[in-house]
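Please examine the sequence and the model below.

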Amino acid sequence: MRKSFFLTVLAGAALLAACSRPAPVAQDGSDLWLAAGRPYADILASVETTIDPALPAEAFHIYDADGQRHVAAGSEAGLRYGVYALQRAEVLGQAGPGMDVQEQPRYALRLLNHWDNLDDTVERGYAGESMWEWTSPTIPEARIRRYGELCASVGLNGAVLNNVNSNPLILDAEHIARVAKIADILREYGIKTYLSIKWTSPIALSGLKSGDPLNPQVRQWWKDKAAEIYKAIPDFGGFLVKANSEGQAGPQDYGRTHADGANMLGEAVAPYGGIVMWRAFVYSPTSPDRANQAVEEFLPLDGKFADNVIVQIKNGPVDFQPREPFSPLFGQLKDTQMMMEFQITQEYLGFSNHLAYLGTMWEECLQSDTYRDGPGTPVSKTISAIAGVANTGQDANFCGYVFAQANWYAFGRLAWDPELSAEQIADEWIRQTFLKPDGMTDKAFEGKFIEPVRDILMASREAVVDYEMPVGLHHLFGGTHYGPAPWDRLGRPDWTPAYYHQADSAGIGFDRTRSGSDNVDQYNEPLASQYNDLATCPENLLLWFHHMPWDYQMASGRTVWDEICLHYDAGIRQVEAFRQTWAGLKPYVAPALWEETARKLEIQQHDGEWWRDANVGYFQQINGLPLPADVRPLDTPIDSLIYRQVRSDRLGMPIHDENNRPIIVAPRFRRP
Ligand code: GCW
C-alpha cells in the first residue's frame, strides 16, 4: 500500500516535471517538411478519392460529405496534390469537420533546375555531390523517391536533371537509358523529366561540322535525337538551353538568332508535345551595362518564338544578387511566353552556411508591377511558368542545412500560388518541419518557438542584404561568390566588383539613369522615371541606379557613406540577434538541429563581419572618410582580408577555423 502510494507520488512528480520542462523530440532534418504530418499512405487510406474529369487535370477538391472526407481531382497528380494539401492542413489545424478547399496551380510548368554535372559535382551546389549519382552504376532509387514525394508535396511537376552548362554526353545512348530510369520513378510522383542540352552536341556526338540551326543536317540531327529520347521516355518534357552565354556556343556563332536556335529545337520536340526553355541570361564583356543586355537581345525577337518555346528569365537583370530590381524583360515581352528563373541554391547569399529565407525576396519580385499592360501587371502575371535552381545534393537532409530546406519549400509553394505571402509560407514550413516537444502545449509552442523562428526567417534576407551589399550595391563578390572582394578589378570587367560599384574619391554606384547607361528606360512608365529620379528612386536600389556623391543626404538625414556603414553594422547586429534568439530556443529543438543552426549562425556572424570589414574598409581607403560615431569599429585590416579571399577562392569553398572564423592566411603566404 505504502509502496504504491510512493510510486504514484513519484509518477506524479515526473509528469509535472515533464509538463513544465518540454522534452525536444529527436530529429535530424532528413524528413524535411514532411516531419510533422501524418504519413501520406495513412491519409490516402482515410479518404474517399475520385478522379473527376470535370476538374482541371492538376486541380483538387477536398470536402466532407456523407460523414466521409473526400478528395476529388482531375488526375492522379491532382489527387496526390490534394492528399498532400490535406496533410499540410492537418498540421496547420485547418482540416476540421466541414473542410472544403478547392485549388489548382497558377502555372502549368513548375520546375526545378539541377545544375548537376555528369562527374557528380554540382555547380553552385552546397549540399554534397549530385543527388542523381551519375557516376554510380545504379541510380539512387530511394533518394529519387524521397525527392519525388517532397516535390509533389509542394506541387512541383518537372525536373531538369543536369547543368545548363551541359555536357554533350547527357544525350548519348548510355545516358538516355539512365535518364529514362530516373524518369520512370519521377513519373510516379507527377514529375516530368527534362534535360539541359549543349548547343554543340551534334558536333561532339556525331562529328557534324556545324551547329547552324538553319543547316538541314543539324536540324535532322536534333529531330533524330528527339525521336531517340521519346522512344525511351514517351512523356519527356523537353530541353533547357543556355546558348551564347558565358562561353557557351549558340546560334549567334552562325549568324543566327536566339529565335532561330530555339525554334529549331522546338520543331524537333513538337511532334511529341515537348517544349524548349531558352534562357535569356546573356551578356558580353564589351557591353557598357550588363543589366541592359537581355532586353537588347530579346526585345527585337518578341513574337518570333515558336509556340512550344518559352524564354526563361532570371528574376533580376544581373545575376541572383541579394537584391536586384526585377528584370525589365518581364515588362517588355508581349508576344513571347516567359518563365521565371529563381535561384534556390544560395550562390550569393552565403551558400548553405547562412540563414537566408528567400520567400521574401521572391515575393518582392513576383509582386513588382511591370506596368506592361497598365498598372496592376505584376511580374507574377506576365510569366506563365516558373523554375528554381535547386539546392539539393546527397546530404541526408538534401540541402546542407535545415533552414535551406525552407527555400525549396517556399519555391514550390509560390510556384503553385504566387499570391501566397512569404510569411504564411514561412509559418507553414516551420510547423511542418519542427516537431513540438513532448509535454508542451500548442499555445506554448506557438509563442515560444514558432513565432520567434518566423521572425528570424522574415528578417533574414534583409540582414544578408545589409551585411553584404546594402543601398543597391551589388556583385561585390570574390571568385567563389562567397566572400567579398570589392578591390577586385583584374580580368574581364563585368566579372569584377569594381565594374558594379564604380567607387572613386567622389562617389559610388552604377549610373543607370538617362545620363548613364539608360537602363531605367527599359522599364515601363511610371517606373522608368521613378528609378531615374533621385527623389523617387527607392533607397534600397539607390546605388543600383545612381552614382552618388559620398555626402549625398538620404531620407534619414545621413550621408550615403554613413548609411552604407550603418547598414553593414545593422546586418551584423541582426545576425547577433538571431543567435541570441536561437540560444533561447534550445529547450524546444532536437539537439542535432539546434547545434547545426547555432554553428551556422556563428559562421554567418563572422562572415557578416568579414563583409563589413572588407567593404567598409575598402571604400574608406578610397574616400578617406571616418566611420559614423554610432557604428562599431572594423575588426580586420584590409590587406589580410584580401588574402583571406584569395585563399577562400583557391579552395573553392569558404574555410573556417575551429572558432568558425573565416581563415586569414599567414603573412608568409601573402602575395608581394
Ligand atoms: O550565376 C551564374 C553562375 C554560374 C551559372 C550562370 C548561369 C550555370 O555563377 O555558375 O552557370 O550564372 O546561370 O548560367
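How far from an oxygen atom of the ligand does a polar side-chain atom of aspartate 319 lie? In this predicted model, the separation is 2.6 Å. The protein covers 97% of the 340 Å² of accessible area that the ligand has on its own.

For arginine 279, an N or O atom of the side chain is 2.6 Å from an oxygen atom of the ligand; for arginine 124, a polar side-chain atom lies 2.9 Å from a ligand oxygen. Around the ligand there are 15 residues, of which Glu123, Lys242, Arg279, Asp319 and Glu347 come nearest. Sorted by class, this shell comprises 8 charged, 4 nonpolar and 3 polar residues.

Attention now passes to strand S5, which spans residues 109-113 and is mostly covered, with 5 of its 5 residues buried. The cover extends to both faces of S5: Leu109, Leu111 and Asn113 are buried on one side, and Arg110 and Leu112 are buried on the other.

Strand S5 is paired with two other strands. It runs parallel to strand S12 (residues 385-389), to which 5 bridges join it; within this pairing, leucine 112 stands opposite glycine 388. Strand S6 (residues 158-160) is likewise parallel to S5 and is joined to it by 3 bridges, with valine 160 of S6 as the bridge partner of asparagine 113.

How values were computed. Residues are numbered from 1 along each chain as its sequence is written. This is a predicted model: local features need pLDDT of at least 70, side-chain atom pairs count only at pLDDT 80 or more; totals for chains, interfaces and linings use all residues. Side-chain values use heavy atoms; hydrogens and water are left out. A residue is near a molecule or strand if one of its heavy atoms lies within 4 Å of it. A polar contact is a pair of N or O atoms within 3.5 Å; within protein, one must be able to donate a hydrogen and the other to accept it, and residues adjacent in sequence count only if both atoms are side-chain atoms. Accessible areas come from the Shrake-Rupley method with a 1.4 Å probe; for residues, only the protein chains shown count as cover. Ala, Val, Leu, Ile, Met, Phe, Trp, Tyr, Cys and Pro count as nonpolar, Asp, Glu, Lys and Arg as charged, and the others, Gly among them, as polar. Buried means under 20% relative accessible area, exposed over 50%, partly exposed in between (1.4 Å probe, protein chains only). Helices (H or I, at least four residues) and strands (E, at least two) are DSSP runs, numbered from the N terminus. Two strands pair if DSSP finds at least two bridges between them.
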